[in-house]
Amino acid sequence: MSIELLAFYFFAFFAVLGALLVISLRNPVHAVLSLVLTFFSMASIWMLLRAEFLALVLIVVYVGAVMVLFLFVVMMLDIKVAAAREGFIRYLPVGIGVAAVMLAEMVALLGVRAMHVAPPPSAAVMGGQANVVWIGRALYTEYLLPFELAAMILTVGIVAAVALTLRRRPGVRHQDAARQVAVSAHERVRLVSMPAERGGNGAQP
Amino acid sequence: MSWNDLINVLPELYLTGSICVLLLFDAFAGARYRNAMHWLSMLVLIVTALLVVAAQRVGPATAFSGMYINDALAGLLKLFSILAVALVFVFASPYLRMRKLAAGEFHTLALFALLGIMMLVSAGNLVMIYLGLEMLTLSSYALVALDRDSPRATEAAMKYFVLGAMASGLLLYGMSMIYGATGTLSLAGIGATLPMSPHYMLAVFGVVFVLAGIAFKFGAAPFHMWLPDVYEGSPTAVTLFVASAPKLAAVGMALRLLDLGLHPLFPYWQDMLAVLAVASLAIGSLVAIVQSNLKRMLAYSTIGHMGYLLIGLCAGTSFGAAASVFYAIAYVLMSTAAFGVILALARTGFEADQIEDLRGLNQRSPWLAGLMALAMFSLAGVPPLFGFWAKLLVLQAAIQANLLWLAIVGAVAAIISLFYYLRVVKVMYFDSPAEDRTLIATSDASLRWVLSLNALALLALGVFQGPLLDWCLRGITG
């Protein structure tokens, strides 16, 4: 059994384990963290396949951005009040566990990369091009139309989100920062010239 | 990319640009010019339709390295989708005004969905199929949830979203299997490499999931659970949309995937489709009987109709495929007519969505009752209406393909379903109107005229069905 195959089984084991934990853990925060583990393991497997750009994007986009957002949402929804307030110590073992596994995976990955003897032939490698160049070229030539369509789908997402959440309430008092800034000195203080009151009781002309 | 590519996708390009302009217009001036969104959207639809016709003259061709197919089938489905969306806009306009629903977003999202449909029926690649489908469904989820203050609409949207996301996942999983077996995402390439592929069984495995995704899109049993809730829960204007153009997209997607890409696996998917068809026919015709909500009843009738549509696909011949396309067009025109009558009767605080609500409609508004009766008879498949020819053609295709048993099941289901369609007619004509509720037909002139034209088209296309059938056959055979 080659070291590469060994690494694959290692990552695959944790990917499946993470996926199982996502659906079996009671605490949603733990479930999200397990999903992070799954993504991380999958990224490592992609790395083994020499799709290094995609693997990094998976970590940066999914683990770095999407899952953190997800974590925020899960915490904001306050699904399990008691469990969510148990404190830092309670999560620490899980956090350390996930971190340790990720570290082990990374170390293993780097080790595997160092020991690569015969890289598997793939179109990207055989073309003598870097992964990023190859993906970029494919996206903007052959896959131009789907690429643009995907952009339109994102637009639909924004329109849908605005349509479903924006409420135009009339009569709501709110500050208009632009008008506040644009105000001029004589708008702030209105000087009114009033005739001084003359003395005397009712002796007006 | 060349000029030729751009000319082929000109209708979609124009539609995309117009949607962006409409979006900006609605954001900055929509509140001031109330009806402008409606008329501008109609203008966009008309120009898009003209461009589709113009693009047909340069076809049949593929563009963007096989991603986009511009052929007669795509043109046919696009034109009828545009027609369906135009009907939706006309029928929905008074309803949206009364309910104070976000009319601007309704138009924009429906046009986005139309863009998804047009991309989907022109897709020459698995990626395009998936993206077109996502564009269509994402817009549909938002449309269903548009009435934010209605808990039922929100629930329907949630169900639709969760089940739809799962169906997309299944479809994508199946596509990845097929890609694994053939090593290509292009549908033509899949069709060419599949017979020689050493991973033949992997592709068969993938077909199961792809079919599940297609069946969900159709609303065919046993993937129909979302359909009644979505039809009942969403605002009627949105129900009308969900019941119309997306069905054309579904038939386009099925033909592209099954006929173009997975035809080497025909014996496998034929059996699976037959099971789906029989289940849909059974559920569609039996469960609809016990419904008291008209929209829900029409939802179950949709499931039944999708069963007939699948019978046509099951046949696997070009005649069967043409019959399916014909059926989809017939279904869309029938359902716009039926939902159009509901929309014409709805007013503030009264949805007219119970069958009982139609009691004695004939005494209040004989013309609307007549239109509804026409729609119901056509849905039931009474000769010489449009629906009859559609049913006849798919059953004929099944018999030609030696699927006599399937044709018999279809005929039996048609007879059972006659019961609940006729019940609506009976309620309208033979029951006395309820005293406490008064049915008032809409005074909106364009709705009345277009609805009449739509219902009368069911009769006209029933009598002169030849040209449309020829057009469908030309679309399939190229």
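1. Helix 13 of chain B (residues 266–287) has 22 residues, which at 1.5 Å a residue should span 32 Å; its end C-alpha atoms lie 31 Å apart, so the two agree. The expected span is 1.5 Å times one less than the number of residues. Helices (H or I, at least four residues) and strands (E, at least two) are DSSP runs, numbered from the N terminus.

2. This is a predicted model, in which local features need pLDDT of at least 70 and side-chain atom pairs count only at pLDDT 80 or more, while totals for chains, interfaces and linings use all residues. Residues are numbered from 1 along each chain as its sequence is written, chains are lettered from A and ligands numbered from 1 in the order in which they are written, and side-chain values use heavy atoms, with hydrogens and water left out.

3. Which residues of helix 13 of chain B are buried? They are F266(B), W269(B), Q270(B), L273(B), A274(B), L276(B), A277(B), S280(B), L281(B), G284(B) and S285(B). Buried means under 20% relative accessible area, exposed over 50%, and partly exposed in between (1.4 Å probe, protein chains only). An α-helix has 3.6 residues a turn, so residues three or four places apart point the same way.

4. The buried residues of helix 13 pack against helix 9 (200–218), helix 12 (245–261), helix 14 (294–315) and helix 19 (404–430) of chain B. Contact means heavy atoms within 4.5 Å.

5. Helix 19 of chain B also gives the largest share, four residues, of a nonpolar patch. That surface patch, of about 520 Å², is made by L286(B), I399(B), L404(B), I408(B), V412(B) and I416(B). Patch residues have over 30% relative accessible area and no salt bridge; nonpolar side chains (Val, Leu, Ile, Met, Phe, Trp, Tyr) are joined within 5 Å, like charges within 9 Å.

6. H107(B), in helix 5 (residues 103–121) of chain B, counts as buried because its relative accessibility is 4%. Leaving aside residues up to four places away in sequence, H107(B) touches M37(B), H38(B), S41(B), F89(B) and L96(B).

7. Chain A has 10 helices and zero strands. Of its 205 residues, 26% count as buried.

8. Between chain A and chain B about 2200 Å² is buried, 80% of it from carbon and sulfur atoms. On the chain A side, L145(A), L149(A) and V156(A) lose the most area, together 28% of what that side buries. Buried area is the accessible area (1.4 Å probe) that two parts lose on being put together, summed over both. The interface has zero salt bridges (a side-chain nitrogen of Lys or Arg within 4 Å of a carboxyl oxygen of Asp or Glu).

Notes: Accessible areas come from the Shrake-Rupley method with a 1.4 Å probe; for residues, only the protein chains shown count as cover.
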